[in-house]
Amino acid sequence: MAKKPSAFITGITGQDGSYLAEMLLEKGYDVVGMVRPHGVERLDFLSAIEDEITLVEGDLQDQHNFIEIISDFKPDEVYNFAAQSFVPVSWSQPVLTGDITALGVGRLLEAIRISKPDAKFFQASSSEIFGDPLQEPQTEETPINPRNPYGIAKLFGHMLVKNYRNQYGMYACSGILYNHESPRRGLKFVTRKITYTATKIKLGMANELRLGNLDARRDWGYAEDYVRGMWMMLNQDVADDYILSTGVTHSVREFVDAAFRYVGLNYEDYVVVDERFYRPVEPHQLVGNPAKAKEKMGWEPNVGFEEIIKRMMEADFVAVSQELA
Ligand code: G4F
């Protein structure tokens, strides 16, 4: 009998990690995921698949544990989602962000190079490497220009992947990911903050929603579409980097308007603009051109802006109602 393909996922408890784990199980993979030691992470998104996956403890700041994990499991594919991924925190903790988000990629790549050099590696890179973009829409060739410690840390990982590919011939890819959302998005990110709080307001559990810059624009896609693209990247003939994006931007104001309309409310009655949520530097028009991913891999996003909001609002209605019960 042919051996099952296997994958190791860092950040398996989060949005992308949990969707990817579900998708890989459906494809017949053995899935191993890394969680931080001492039970500090919530496993909610894994509850449906907990019995079908293996969880191991580890930390992006520890080189030794990666070497052990990769030598023990010898995975065919490795996906790196673990990171300090919140832009504002990268200003308050720039060194920690660098250690985890940048050097963590190096530790993982080194472990693969030493223990399983034919494993295929996916790095969750970010549109934040373009920072204040020098071109719109951005392509894989757009000059990089990060404007915050998070973008700089992601750039280190991005360049390391390119260099390990060239230097060692490893099958390593970066997905340059634009914002991608879902009901599993963390509550501190603006989309989920909006859908969760709008639902709470509708159910009488909150009175207002405090936001920063309503005119900031983002290229928002749906997480499950992006996870499908990541797997496709590791299953091509040749390793390469690809932008995953929708090519369309919307403002925070458009998002909040649509979310409140979904529950029959006018956002202007509830939203308070609060300087605390403004960013020191706000990138203008981060919008990606996904043409290469479409042309070379046949990847396209399926879920559009209104549908993303509908799915998030529906899920938050269930989640908040359960809190009430
Ligand atoms: O949801 P956000 O916090 O996401 P951000 O900073 O764009 O980063 C996300 O996407 C990146 C890919 O492009 C990832 F690399 C990164 O890890 C993360 O997943 O903020 C989106 C926009 C910003 O322009 C922000 O200024 O929303 C604006 N915003 C306005 N009010 C707010 C708020 N953002 C947050 N988090 N909270 C607010 O109250």
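**View 1. Valine 78 in strand β4.** Valine 78 sits in strand β4, residues 77-80. Strands are DSSP runs of E with at least two residues, helices are runs of H or I with at least four, and both are numbered from the N terminus. The model is predicted: local features need pLDDT of at least 70, side-chain atom pairs count only at pLDDT 80 or more, and totals for chains, interfaces and linings use all residues. Residues are numbered from 1 along each chain as its sequence is written, and side-chain values use heavy atoms, leaving out hydrogens and water. Valine 78 is buried, at a relative accessible area of 0%. Buried means under 20% relative accessible area, exposed over 50%, and partly exposed in between, with a 1.4 Å probe and protein chains only. Setting aside neighbours within four places in sequence, its contacts include Phe8, Ile70, Leu108 and Phe122. Contact means heavy atoms within 4.5 Å. The C-alpha atom of valine 78 is 8.1 Å from that of threonine 10, 68 residues apart along the chain.

**View 2. The shell around the ligand.** The ligand is surrounded by 23 residues, each with a heavy atom within 4 Å of it. Ser126, Ser127, Asn179, Arg218 and Glu282 are the closest. The shell holds ten nonpolar, six polar and seven charged residues. Here Ala, Val, Leu, Ile, Met, Phe, Trp, Tyr, Cys and Pro count as nonpolar, Asp, Glu, Lys and Arg as charged, and the others, Gly among them, as polar. α6 and β8 each give the shell at least two residues.

**View 3. Polar atoms at the ligand.** A polar backbone atom of serine 85 lies 2.7 Å from a ligand oxygen. An N or O atom in the side chain of arginine 185 is 2.9 Å from an oxygen of the ligand. For arginine 279, a polar side-chain atom is 2.8 Å from a ligand oxygen. Taken alone, the ligand exposes 720 Å², and the protein buries 96% of that. These areas come from the Shrake-Rupley method with a 1.4 Å probe.

**View 4. Serine 251 in strand β12.** Serine 251 belongs to strand β12. Serine 251 is buried, with a relative accessible area of 7%. Not counting residues up to four places away in sequence, serine 251 touches Leu214, Asp215, Ala216, Arg217 and Trp220.

**View 5. Helix α8 and its packing.** Helix α8 covers residues 252-262. Val252, Phe255, Val256, Ala258, Ala259 and Phe260 are buried there. The buried residues of α8 pack against α6, β8, β12, β13 and α10. Glycine 264 follows α8, with a positive phi near 70°.

Note on methods. Polar contact = N/O pair within 3.5 Å; in protein donor to acceptor, adjacent residues only side chain to side chain.
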